[in-house]
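Subject: Handover of a structure

Dear colleague,

Please find below the structure that I am handing over to you.

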Amino acid sequence: MADISTDFLGIKSPNPFWLASAPPTDKLINVVRAFEAGWGGVVWKTLGSQVKNVSSRYSSVNYGGKRMMGFNNIELISDRPLEINLKEILEVVKMFPDRAMIVSLMADNDRKSWHELIMKCEDAGAMGFELNFGCPHGMTERGMGAAVGQDPAIAKMVVEWVMEKATIPVITKLTPNVHSVVPTARGAVEGGTNALSLINTIQSVTGIDLDTLVPNPYVAGKSVFGGYCGPAVKPIALKMLTTVSQDPVASRVPISGIGGVSTWKDAAEFMLLGATSVQVCTAAMTHGFRIVEDLCEGLSNWMDEKGYEKTTDFIGKSVEKITHWEDLDINYHHIAKIDQDKCVHCGLCYIACEDTSHQSINIEKGNPHNNYTVKEEECVGCNLCKLVCPVEDCITMEEHRVAPEYINWKDWQAQGLPLNDH
Amino acid sequence: MSIKNNHLTAPEYELNFSDIHPPFETQDAALIEANRCLFCYDPPCMKSCPTSINVPKFIKQIATDNLKGSAHTIFSSNIMGAGCSKVCPVEKLCEGACVYNFMHETPIHIAKLQRYATEKAMDNKWQLFERKPSTGKRVAIVGAGPAGLSCAHTLSREGVDVTIYEKESKGGGLMTYGIAAYKVTPEFCEDEVNYITSIGGIDIKYNQELGKNITVEELQRNYDAVYMAFGVGLARQLEIPGEHLDGVIDAINFIYELRTNDYSSIAVGDKVAVIGMGMTAIDAATQAKRLGAKDVTLLYRRTQEEMPCTEHELNIAKLDGCNIIWLASPKEVLGVGGKVTQLVCNTMKLGEPDASGRRSPVATGETITLDVDMIIKAAGQMPFETLVNSNKIENSKGKIDVKDKSLTNLEGIFAGGDCVNGGREVVDAVQAGKDGAKSIMDFLSIN
C-alpha cells in the first residue's frame with residue numbers, strides 16, 4: 001500500500017486532499033462532516049471584516065447532460081462573526097488533531113488591519129494561514145482579494161506585512177484573473193510567503209436566462225461577474241500551476257494545487273505538475289464529502305501500480321515534460337489507425353477530419369453502415385479523429401518518424417529545410 | 001356462434017390494452033436518452049428509415065431544448081412521425097441500425113424520443129408548416145390512410161387543394177383499423193389525422209368508396225390529378241375444406257371489430273388458432289389472448305428463420321403466453337353443427353428455396369389436429385384486383401403497376417402504398433405518399 005500522507009511545510013495530513021476555502025469549510029458542522037468522511041485537511045473559509053451575502057449565490061454550466069461541469073459563485077468571505085469562527089476552529093482542531101487546518105484570511109488593505117487579523121487568528125489552533133489574494137467578486141471593489149493579487153507590488157507588500165506577525169506557515173493564494181500568475185507568485189515569494197496555492201476562481205458569466213434575459217445567478221433582476229471553477233477550469237489551472245513550477249523564483253516554495261480537481265486522476269496530474277497537496281471544492285459541492293474515498297483509494301492504487309511509495313516520489317515529475325514549442329521534435333510523426341474490429345461506423349472521425357481537418361479519412365459507403373479507413377499519406381497526426389471517436393482505443397496513433405534524429409524548429413530553419421508544399 | 005366474449009372486467013381490459021411502449025414520463029428522462037446519441041455522420045438510423053428522418057438531428061434538437069425544431073425535423077420527412085413512433089418495427093429499421101448495437105449497448109430509444117417530440121407538437125397543436133398560396137390545382141386522393149394523408153400533406157404544403165375520398169367513417173387507414181390497440185388508440189389516430197389536416201387545403205369526404213359512390217372517370221373529370229392510395233383489403237383465403245364454418249374469421253375483420261367496438265362486446269374463443277406469422281397475425285393472437293382467450297396458438301408453415309414478423313413482435317406473443325407451432329399448414333377445418341371444433345394441419349418440412357429465396361415448405365404426409373373453437377386467418381391480405389381491373393389500371397395480380405415510383409398506365413393517375421406494394425409498413429406508405437406527391441407536382445408543373 002502506497003503512503004499518501006502529506007507533509008506541507010511541516011503541516012501533516014493523512015492524505016493530500018484538502019477542502020478549499022469555500023462554503024463547504026464555512027463552519028464547524030461542515031468541517032466535522034468532512035473530517036469524518038476522511039478529508040486530509042481544510043482551508044477554513046476566509047475570515048476578515050464580517051460581510052453580508054446575497055441570495056442567490058451560485059450558477060453553473062451544464063454540458064451534454066452533465067450538470068455542474070463549470071460552477072460559479074458570487075459569495076463573499078465568511079459572513080459569520082470572527083469570534084464564532086475562531087471558537088469553532090479551535091474545537092475542530094481538538095477533535096481532529098491529525099488533520100491539516102489552514103485558515104484563509106483577507107484583511108482590509110492596510111498594515112494595521114492585517115496585523116490585527118493575524119493576531120486574532122494565531123491562537124485558534126490552526127497550522128497555517130492562506131492569504132486570499134484571489135476572490136474575484138465583491139471584495140475587489142473594496143480593494144481586496146483579486147485587487148491585491150493582480151498587482152505584484154501590492155501582493156509583495158501585503159505578504160511582508162503578514163510575515164511581520166505570522167508565526168505559523170503562510171500560503172499565498174493566487175488569482176488567475178491576470179495574464180500571468182508568475183509576477184504575483186514571485187512578488188509573494190520575495191515578500192516571504194512560505195508557500196503558494198492556485199488557482200482561485202476565474203471571472204465569468206455562466207449564462208443568461210433566455211426568458212427573463214437576466215444572467216445567472218439571479219439577484220433581484222440583476223447579476224454580477226462570478227468566480228468560475230469546477231471541471232471546466234482544470235486545464236487552465238494546470239497551465240498556471242506549470243508556469244509557477246517552472247519559474248526559478250516562484251518554485252522555491254511548495255504549492256497547493258486548486259482548480260477543478262474532481263477525481264484521483266485530476267489530483268495526480270496536479271501533483272505531477274508540482275502540487276504537494278490539492279484543494280477540492282466543486283466536486284464536493286456536487287456530490288458531497290464521500291468523494292474523498294475514491295480520491296484516496298484511486299491515488300493509492302495508481303501509486304502501487306507505478307511503484308511510488310510516497311507522494312514525493314512523483315510530485316513534479318511532469319514539469320520538465322512541458323517545454324517550449326521551439327524545442328519540439330519536428331521529425332516526430334504519428335498516423336491514425338482505425339481498428340476495423342472495434343469501429344462502430346458512427347462516422348464521427350470522418351466528418352470531423354473532412355470538415356475541419358485534413359481530409360485524411362476514406363469513406364466507403366455502405367447500407368446502412370459505412371467503413372472508414374485512414375489515408376496515411378494525408379494524415380498529419382493531429383489526434384482529432386481519436387478524440388471524437390466514441391470507442392476507447394478504436395483509433396490509435398502509430399509512430400512513423402520522418403527521420404530518426406531529433407530536430408527542432410530553430411535547427412530546421414538554420415539548415416534551410418523545406419516547408420510544406422501544399 | 002360457438003364463441004362469445006369472455007367478459008373480462010373493465011380494469012382487466014384497460015390493463016391488457018394499455019400502451020405497450022409507454023412514453024418518457026419527464027423531460028429529464030428524455031434528455032438523458034437524447035444525450036446518449038452520438039450524432040453519427042451519414043447516420044445508419046436515418047438510412048434505415050424508409051422516410052429518411054434525420055434522426056440524430058431531431059435527437060440533438062431534443063437535447064438542446066429545441067422541441068419545435070425537433071418535431072419539424074421529424075414531420076418534414078414523415079408527417080405520420082407520431083404514429084410511426086408507436087407502430088414502426090424499429091428493431092429492424094432505425095434502432096436495429098444504431099451503432100450502439102456494435103458496442104453491445106442498448107440502441108438509442110429512437111422511437112420513444114420521436115414520440116416525445118411529436119406528442120409535444122400534437123398536444124400543443126404546433127403548426128409547423130405553412131401552406132403556400134393556392135396554386136388553383138386540385139388533386140383527388142382515394143384513401144385517407146398513411147399514403148393518402150402523406151401525399152395530401154405534401155401537396156397541400158405546395159398550395160395544391162386536395163380532396164380525399166375515404167370509404168370508412170374515419171381517416172388513418174390501417175393505422176386506425178388494422179393495428180393492435182395497445183400500440184395506438186382510436187383517439188390517437190383521430191388526433192393524428194386532425195393534426196395532419198390542420199394545415200388546411202385538405203378536405204376528407206368520408207364514407208365515399210371508389211366504384212360505389214364515386215368513379216375513376218368522375219375523379220379524372222373533376223380534378224387535375226388523382227392519387228390512388230386505397231390499400232389492400234381482402235383477407236387471403238386458405239382454400240381448404242371447412243373454411244366457411246362458424247368461428248373461422250379473418251384477422252383484419254377481427255382487429256377492425258376490436259378497434260371500432262367496446263372490448264367487452266368482441267367475441268373470442270377459448271381455444272384460438274391463428275394462422276400466419278406476420279405482424280397482423282401477432283396483433284390478432286396477442287389481442288385474442290388479451291381479450292380473455294384461454295389458449296392461443298400461432299401456426300406457421302415455415303420456421304422462425306423465414307417468419308415475416310420481427311423477433312421483437314414474436315416475443316410479445318410469447319410473453320402474452322401464445323403457443324407457437326412451426327411447420328404446420330392448415331389442411332382442413334372440422335366442425336359439429338356448423339361450428340368449428342378442430343383444425344387439421346399438415347406437418348411440413350423445408351424444401352428448396354422458392355422465388356422469394358426462402359425455403360419452401362413441403363408436406364411430410366403427417367398431420368396434427370388441434371381442438372379449437374375459433375380460427376383467425378392472418379395469411380396476408382389480397383389487393384382489390386376486381387376494382388383495378390374494372391378501371392383498366394395495369395396491375396400484377398391486383399397490385400397496381402407503377403413506374404418512377406408512382407405513375408400508373410393512366411394519364412394523370414398516380415398510385416402508392418399498399419395498393420401498389422401489396423402491404424408493407426406504415427412508414428413505407430408515408431414515403432410512397434411523398435413520392436406520389438412529387439410525381440404529381442412534376443405532372444402539374446408545380447415548382
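The notes below take up the domains, the contact between the chains, and then selected helices and strands.

Please bear in mind throughout that this is a predicted model.

Domains

Chain A is divided into domain 1, residues 6–321, and domain 2, residues 325–414. The C-alpha centres of domain 1 of chain A and domain 2 of chain A are separated by 39 Å.

Chain B is divided into domain 1 (22–123), domain 2 (138–233 + 383–443) and domain 3 (236–380). Seven residues of domain 2 of chain B are in contact with nine residues of domain 3 of chain B. On the domain 2 side of this contact, five residues are nonpolar, two are polar and none is charged.

Contact between the chains

The contact between the chains involves 14 residues of chain B and 15 residues of chain A. On the side of chain B, helix H2 (27–36) and helix H3 (44–47) each supply at least two residues. H2(B) gives the most, with three residues. By class, the side of chain B that touches chain A has 10 nonpolar, two polar and two charged residues.

Helices of chain B

H2(B) also has a buried side. Its buried residues are Ala30(B), Glu33(B) and Ala34(B). Seen down the axis of H2(B), these residues fall within an arc of 100°, so they line one face of the helix. The buried residues of H2(B) pack against helix H4 (55–63) and helix H8 (110–123) of chain B.

Helix H13 of chain B, residues 251–260, was examined in the same way. Here Ala251(B), Ile252(B), Phe254(B), Ile255(B), Leu258(B) and Arg259(B) are buried. The buried residues of H13(B) lie within an arc of 160° when viewed down the helix axis, and they therefore line one face of the helix.

Strands of chain B

Three strands of chain B form an open sheet in the order S10-S11-S12, with antiparallel pairing. The edge strands are S10 (328–336) and S12 (359–371) of chain B, each of which pairs on one side only. From one strand to the next, the twist averages 20°. S10(B) pairs with strand S11 (residues 339–353) of chain B over eight bridges in the antiparallel sense. In this part of the model, Val336(B) stands opposite Lys339(B) in S11(B).

Strands and a loop of chain A

Strand S5 (residues 58–63) and strand S6 (residues 66–73) of chain A run antiparallel and are joined by five bridges. Tyr63(A) stands opposite Lys66(A) in S6(A). The hairpin of S5(A) and S6(A) has two residues between the strands, and Gly64(A) takes a positive phi near 55° there. S6(A) is also joined to S12(A) by three bridges, and these two strands run antiparallel. Asn72(A) stands opposite Tyr228(A) in S12(A).

The loop between strand S11 (202–204) and strand S12 (226–229) of chain A contains Gly221(A). Gly221(A) has 8 C-beta neighbours inside 10 Å and therefore counts as exposed, the cut-off for an exposed residue being 12 or fewer. Gly221(A) and Gly347(A) are 126 residues apart in sequence, and their C-alpha atoms lie 45 Å apart in space.

With kind regards

Conventions. Residues are numbered from 1 along each chain as its sequence is written. Chains are lettered from A and ligands numbered from 1 in the order in which they are written. This is a predicted model: local features need pLDDT of at least 70, side-chain atom pairs count only at pLDDT 80 or more; totals for chains, interfaces and linings use all residues. Domain bounds come from an automatic or database domain assignment. Two residues are in contact if their C-beta atoms, placed from the backbone, lie within 7 Å. Ala, Val, Leu, Ile, Met, Phe, Trp, Tyr, Cys and Pro count as nonpolar, Asp, Glu, Lys and Arg as charged, and the others, Gly among them, as polar. Helices (H or I, at least four residues) and strands (E, at least two) are DSSP runs, numbered from the N terminus. Two strands pair if DSSP finds at least two bridges between them. Axes are lines fitted to C-alpha atoms, for helices over the stretch in contact, and angles run from 0 to 180 degrees between N-to-C directions. A residue is buried if 20 or more other C-beta atoms lie within 10 Å of its own, exposed if 12 or fewer, and partly exposed in between; C-beta atoms are placed from the backbone. The arc is that of the directions from the helix axis to the C-beta atoms.
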